[in-house]
Amino acid sequence: LGMDLNFETALTHFEKAKDKTSKNFDMYSSREEGCPVDVFYHLGRCYHLSEKYDKAKEFYNKFIEVSYKESELIEEAQLRITQCDIAKELTAKPVDVKINSLEHINTENGEYSSFLSLDGKALYLTSRRPWENDETENMRDFMLNQYPEDIYVSLMDNNKNWGEVKRLEMCKPNLNEASVSFSSDEREVFLYDDSTGFGDIFISEYVGREYKTPTPVSNEGVNTEEGWETHLIKSPDGNTIYFVSDREGGYGKRDIWFIEKTNGAWGEPKNMGPMVNSKYDEDSPYIGLDKNTLYFASNGEKSMGEFDIFSISKDENGMWLEPTNLGYPINSPGDDLFYSTNYTKSSAILTLVRKGGKGNKDVYQI
């Protein structure tokens with residue numbers, strides 16, 4: 001976590017530690033003065049996040065060379081080397097976009113799970129910022145000392161500037177409320193909640209001018225007791241639900257699944273298949289008015305590092321084609337997630353981990 005928050009500071013410490021590595025490092029000995037060879041992998045990560053890809057590959061290869069062959073990090077290092085090559089290729093041919101951090105919205109507490117309304121006039125996000133009057137001061141978690149999660153909205157004014165963020169009234173000071181998406185009419189908000197199963201998707205409906213207390217989504221097959229469900233979005237026509245789960249029957253870790261409505265009845269969940277899902281993690285699916293194009297995040301072999309945002313389209317027969325990395329500078333060697341657009345696709349909102357950001361994750365506009 002510390003390296004993700006400040007990999008540039010971590011880099012100076014790892015550089016000092018690399019000269020004291022020991023393959024026989026004993027983490028349980030009070031007299032141990034060396035450090036494990038894993039430091040070479042972490043040095044590679046720091047240089048990777050710093051966009052110094054050749055230097056990163058040097059340390060990843062050094063780690064593979066000197067580590068024990070049963071180390072779980074060897075496969076990680078090999079993936080990172082592939083990602084460095086992807087990063088060099090994409091950085092050499094940047095896409096023509098304007099990308100800006102929403103400075104007056106982002107804070108050091110982290111802003112993420114960004115979601116743009118179809119009309120482009122409402123920006124929703126999740127943040128761990130403190131409440132007014134110190135109401136959440138005693139609600140911080142014991143491990144990371146973070147404030148609870150709450151859902152906020154910023155509205156665009158007549159000059160096309162984002163206004164001050166306001167917390168949704170459904171939020172409670174002692175609970176985590178983390179939105180993942182909204183329905184196209186903004187009358188349903190979907191949330192991630194880890195109080196049931198291994199983490200499930202909940203829904204809050206806007207009734208009587210307020211969002212009601214969230215409850216688990218009623219669609220059978222979305223939430224499971226043994227699986228981890230992290231994201232869900234409903235298509236604008238209301239007939240397809242895309243969601244994320246690490247349940248059995250997938251292609252890797254977290255996969256994207258879907259459920260379709262036919263003649264008013266929801267069918268069984270189906271996996272999106274190997275064009276979308278890999279042996280790594282896929283997350284944050286998004287679909288707008290163009291129901292033939294799906295956006296999603298993947299941290300696999302075609303990413304620059306961590307999660308990158310991809311798009312995938314259907315051919316004339318309704319079959320999904322090869323996914324496309326959205327390219328640099330939309331993607332980076334850090335996490336790039338929660339991509340959503342307005343209906344004209346002239347503007348997009350996403351959550352990024354970037355050098356110079358205020359928090360670990362910040363909201364940006366393309």
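Is asparagine 263 buried or exposed, and what is its relative accessibility? I looked this up before anything else. At 81% relative accessibility, asparagine 263 counts as exposed, because exposed means over 50%. I note here that the model is predicted.

**Entry 1: asparagine 263**

I located asparagine 263 in the loop between β13 (255-262) and β14 (265-266). I then checked its backbone. Asparagine 263 has a positive phi of about 55°, although it is not a glycine. I wrote a reminder beside this: most residues other than glycine have a negative phi.

**Entry 2: phenylalanine 338**

I turned to another positive phi. Phenylalanine 338 is not a glycine either, and its phi is near 55°. I found phenylalanine 338 in strand β20. Is this residue, phenylalanine 338, buried or exposed? Its relative accessible area is 13%, so phenylalanine 338 is buried, the cut-off being under 20%.

**Entry 3: the sheet that holds β20**

I followed β20 into its sheet. The sheet is open and has 4 strands, in the order β1-β22-β21-β20. The pairing is antiparallel. β1 (100-101) and β20 (336-341) are the edge strands, and each pairs on one side only.

I looked at the β1 end. Strand β22 (residues 362-365) runs antiparallel to β1, and 2 bridges join them. Serine 101 has tyrosine 364 in β22 as its bridge partner.

**Entry 4: a cis peptide bond**

The peptide bond from tyrosine 328 to proline 329 is cis, with omega near 10°. I noted for contrast that most peptide bonds are trans.

**Entry 5: a second sheet**

In what order do the strands of the β2 sheet stand? I read the order as β2-β3-β4-β5, in an open sheet of 4 strands with antiparallel pairing. β2 (111-116) and β5 (166-167) stand at the edges. Each has a single partner strand, so one side of each is left without a neighbour in the sheet.

Strand β3 (residues 122-127) runs antiparallel to β2, with 4 bridges joining the two. Phenylalanine 115 stands opposite tyrosine 124 in β3.

I went on to the loop between β3 and β4 (150-155), where phenylalanine 142 has its place. Phenylalanine 142 counts as exposed, because its relative accessibility is 88%. I also compared its position with asparagine 158. How far apart are phenylalanine 142 and asparagine 158 in sequence and in space? They are 16 residues apart in sequence and 43 Å apart in space, C-alpha to C-alpha.

I looked at strand β6 (residues 178-182) next. β6 is mostly covered, with 5 of its 5 residues buried. Its pairing with strand β7 (residues 188-193) is antiparallel and spans 4 bridges. Serine 181 has phenylalanine 190 in β7 as its bridge partner.

β6 and β7 form a hairpin, and 5 residues lie between them. In the turn, glutamate 186 has a positive phi of about 65°.

**Entry 6: helix α3 against α4**

I left the strands for the helices. Helix α3 (residues 38-49) and helix α4 (residues 53-66) have axes that come within 8 Å and cross at roughly 165°. That makes α3 roughly antiparallel to α4, since angles over 145 degrees count that way. The crossing of α3 past α4 is left-handed.

Which residues make the contact? On α3 I listed Asp38, Phe40, Tyr41, Leu43, Gly44, Arg45, Tyr47 and His48. On α4 I listed Tyr53, Lys55, Ala56, Phe59, Tyr60, Lys62, Phe63 and Val66. The residues of this α3 and α4 contact divide into 10 nonpolar, 2 polar and 4 charged.

**Entry 7: helix α2 against α3**

I finished with the other partner of α3 on my list. The axes of helix α2 (residues 7-17) and α3 come within 9 Å, crossing at roughly 145°. α2 passes α3 in a left-handed crossing.

The α2 residues in contact are Phe7, Ala10, Leu11, Phe14, Glu15 and Ala17. Those of α3 are Val39, His42, Leu43, Cys46, Tyr47 and Leu49. I sorted the residues of the α2 and α3 contact into 10 nonpolar, 1 polar and 1 charged. Leu43 and Tyr47 of α3 take part in the contact with α2, and they are also named in the contact with α4.

How values were computed. Residues numbered from 1 in each chain as written. Predicted model: local features only at pLDDT ≥ 70, side-chain atom pairs only at ≥ 80, totals over all residues. Heavy atoms only, no water. Axes fitted to C-alpha atoms, helices over the stretch in contact; angles between N-to-C directions. Parallel < 35°, antiparallel > 145°, perpendicular 65-115°, else oblique. Left-handed = near helix turned anticlockwise from the far one by under 90°. Contact = heavy atoms within 4.5 Å. Nonpolar A, V, L, I, M, F, W, Y, C, P; charged D, E, K, R; others polar. Pairing = 2+ DSSP bridges. Buried < 20%, exposed > 50% of the residue type's maximum accessible area, 1.4 Å probe, protein only.
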